[in-house]
Amino acid sequence: MLNSSSLSHTMGGIGPCCSTLPSRSNPRTSWLTLRTVPHRRTYPGKQVLQRKVGIKAEINFVNAEEAKKLIAVDGYVIVDVRDKSQFDRAHIKSCYHVPLFIENQDNDLGTIIKRTVHNNFSGLFFGLPFTKPNPEFVQSVKAQLSPQSKLLLVCQEGLRSTAAADKLDKAGFENIACITSGLQSVKPGTFESVGSTELQDAGKAGLVTIQGKISAVLGTVLI
């Protein structure tokens with residue numbers, strides 16, 4: 001059991017170690033961490049473990065309307081991390097395109113087999129390209145934007161942008177936001193876009209795009 005003197009010393013070790021939340025952070029996406037430092041203070045007959053408290057900033061997840069404000073008011077730039085096929089179908093005007101995954105054109109036997117299976121199922125029905133992680137992702141972002149830049153990362157479903165945000169956060173970028181659920185949740189007209197379809201439909205390709213039309217025709221015939 002600690003006596004009052006030991007407790008005073010222990011609590012004294014907590015106060016100066018608190019850090020403050022950066023102004024860009026959203027309180028909803030930050031959390032308090034309690035971690036143990038590697039050294040200990042010793043007292044006669046006792047050993048007291050020092051702890052310190054810190055604030056760890058998390059990625060700022062926003063909806064489409066909040067994203068528009070980040071761009072217009074706070075100067076965030078858009079980084080689209082989708083693959084080229086989805087980007088070409090529709091993307092937000094004046095954004096940067098740095099894909100988190102790139103098309104896998106490797107020709108080793110294992111890759112050829114996997115690519116063939118993929119193209120005969122996911123590629124055919126859903127129009128998904130056979131991809132692999134982009135080894136130059138972080139370097140490509142750094143080549144175009146400084147770590148002080150405010151980044152709004154976007155993808156189709158929200159998963160790739162979250163993974164990309166984690167990579168960039170570890171690489172030193174401090175102001176990062178993502179659209180929750182991705183561009184599939186963005187209503188038409190929310191952003192000025194470029195492409196042959198709406199942002200929310202850019203992930204749809206392959207046979208699934210005509211399934212509804214075929215069903216409608218069959219239904220009409222049957223009626």
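Biologist: How many salt bridges does a search of the whole structure find?

Modeller: The search finds seven salt bridges. Keep in mind that this is a predicted model.

Biologist: What makes D88 and K84 a salt bridge?

Modeller: Their closest N and O atoms are 2.6 Å apart. The cut-off is within 4 Å, for a side-chain nitrogen of Lys or Arg and a carboxyl oxygen of Asp or Glu. So the pair D88 and K84 counts as a salt bridge.

Biologist: Why can such side chains pair at all?

Modeller: Opposite charges can pair when the charged atoms come close.

Biologist: Where do D88 and K84 sit relative to each other?

Modeller: Both belong to helix α3, residues 84–89. They are four residues apart, so about one helical turn separates them.

Biologist: Why is K84 called exposed, and D88 partly exposed?

Modeller: Exposed means over 50% relative accessible area, and buried means under 20%. K84 has 56%, so K84 is exposed. D88 has 40%, which lies in between, so D88 is partly exposed.

Biologist: How do you know that D166 and K170 form a salt bridge?

Modeller: The closest N and O atoms are 3.3 Å apart. That is within 4 Å, so the pair qualifies. D166 and K170 are four residues apart in helix α6, about one helical turn. D166 is partly exposed at 37%, while K170 is exposed at 66%.

Biologist: What about D201 and K204?

Modeller: Their side chains meet at 3.2 Å, N to O. The limit is 4 Å, so this is a salt bridge too. D201 has 23% relative accessibility, so it is partly exposed, not buried.

Biologist: Now the strands. What makes β9 mostly covered?

Modeller: Strand β9 spans residues 150–154, and four of its five residues are buried.

Biologist: How do you know that β9 pairs with β4?

Modeller: Pairing needs at least two bridges. β4, residues 77–80, and β9 have four, in the parallel sense. So they pair. D80 stands opposite V154 in β9.

Biologist: Which way do β9 and β10 run, parallel or antiparallel?

Modeller: Parallel, with four bridges joining β9 to β10, residues 175–179. L153 stands opposite C178 in β10.

Biologist: What do β9, helix α6 and β10 make together?

Modeller: They make a right-handed β-α-β unit, with α6 covering residues 159–170.

Key:
Residues numbered from 1 in each chain as written. Predicted model: local features only at pLDDT ≥ 70, side-chain atom pairs only at ≥ 80, totals over all residues. Heavy atoms only, no water. Buried < 20%, exposed > 50% of the residue type's maximum accessible area, 1.4 Å probe, protein only. Helix = DSSP H or I, 4+ residues; strand = E, 2+ residues; numbered from the N terminus. Right-handed = clockwise from strand over helix to strand, strands pointing away.
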